[in-house]
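Thanks for coming, everyone. Please look at the sequence and the structure on the screen while I talk.

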Amino acid sequence: MAARAPLLLALLCACVAALGPANAAAGRKMVGVYELKAGDFSVSVTNWGAIITSVVLPDSNGDLADVVLGYDTIGGYVSGKSYFGALVGRVANRIANARFVLDGKVYHLFKNDGNNTLHGGHRGFSQAIWTVKEFVGGGASPYITLYYHSFDGEQGFPGDLDVYVTYQLASPYVLRVHMNATAVNKATPVNLAQHTYWNLGGEGSGDVLHNTVQLFASRYTPVDSALIPTGVVAPVAGTPYDFRAPTPVGSRIRQVSGGKAGVYGYDTNYAVDGEDGALRKVAVVRDGASGRAMELWANQPGVQFYTGNFLLDVVGKGGKVYGQYGALCLETQGFPDAVNHPDFPSQIVRPGQVYKHDMVFKFSF
């Protein structure tokens, strides 16, 4: 399989070159980059991994900047290991020991995070070519809808699954993300997440330790040394995980283990306050230097707050080098390893049922 990787990369790059301005007809399964534009607000998406490759918007002085980490070419996303901008699945986050039991049957998954499965395995949805079903790049409400068929047994997961994601711009400065997945013939866990790395000061502008974050979550799921939940849902009060009031990212970061000896930072699932399934406010991020702010709403039970603990000299757009804490992620999701914790909100979708995941990003400056 490893020997085929350079060939795959070459073929993908050839597809991108052939596509030109990325205005292929709907349904064509080539790899391209598609821009959604509304005035001075634009979002670019590729159908490789359903990845958000850029989000450009003004700061308080009207100066434009791209506020998400990424690469200059599709090839960077193919070979990259950080999941920049990707839609991850079939099950985002970690599954302990790469196994689970469903309806009395044991399923063994591909291990790609030590002894565990991370973000769907080594060939999860972030490493697939999605089909462009609809694309409207301009007008009052630009959008793109992408589709992926995940086959029975892919990375060890049961059943065929039809997956859609729509990225849509709304004014003023709103990005909507709608994900849905239908189980075709077998019960299966489904937990999709959007894995964009945000730096509101502009990608490559330095770390985000000075950003303030507010999380509308009074509980979190503590983890073991392998970042697997212990099964407890604990209060954040009195801990360095408490972001109920706006708090600088770096204020207590060295009190939090990042998952490896000598590494500090947040890689933490929070239980979002409010009614599960209801669209509700999840987080607010502010960058004082640029004046930009981002408000996130979603309908999922959890949100993974990640502070780029393992970003170590990653060469990104324009040759910029992304260092540790160079961005943060806010990945709304079901709880990690829920398939092995019956007390966590269920992620099982049965034949004919539809999984739905909505996110709304509201930007201001």
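I will go through a sheet, some rings and a set of annotated residues.

First, the ground rules. This is a predicted model, where local features need pLDDT of at least 70, side-chain atom pairs count only at pLDDT 80 or more, and totals for chains, interfaces and linings use all residues. Residues are numbered from 1 along each chain as its sequence is written, and side-chain values use heavy atoms, with hydrogens and water left out.

Start with the sheet. Strands here are DSSP runs of E, at least two residues, numbered from the N terminus. Two of them pair if DSSP finds at least two bridges between them. Five strands make an open sheet, ordered β18-β17-β20-β23-β26, with antiparallel pairing. Which strands sit at the edges? They are β18 (234-235) and β26 (329-333), each pairing on one side only. Strand β23, residues 302-306, is joined to β26 by five bridges. Gln304 stands opposite Glu331 in β26.

Now the rings. Rings of Phe, Tyr and Trp (its six-membered ring) pair if their centres lie within 6.5 Å; planes under 30 degrees apart count as stacked, over 60 as edge-to-face, and the rest as tilted. How many aromatic pairs does the structure hold? There are 25. Take Phe100 and Tyr107: their ring centres are 5.3 Å apart and their planes are at 25 degrees, so this pair is stacked. Both Phe100 and Tyr107 are buried. Buried means under 20% relative accessible area, exposed over 50%, and partly exposed in between, with a 1.4 Å probe and protein chains only. Ring pairs also link Phe41, Tyr173, Trp198, Phe361, Phe363 and Phe365 into a cluster.

Last, the annotation. An unreviewed UniProt entry places a "binding site" at Asn93, Arg94, His195, Thr196, Tyr197 and Asp267. UniProt positions follow the numbering used here, feature names are shortened, and annotations may be inferred rather than shown by experiment.

Look at two of these residues. His195 lies in strand β15, residues 193-195. Is His195 buried or exposed? Its relative accessible area is 3%, so His195 is buried. Contact means heavy atoms within 4.5 Å. Beyond its neighbours within four places in sequence, His195 is in contact with residues including His119, Cys329 and Glu331. Thr196 sits in the loop between β15 and β16 (212-215). Thr196 is buried too, at 2% relative accessibility. Not counting residues up to four places away in sequence, Thr196 touches Ile52, Val68, Gly85, Leu328 and Cys329.

Key: Helices (H or I, at least four residues) and strands (E, at least two) are DSSP runs, numbered from the N terminus.
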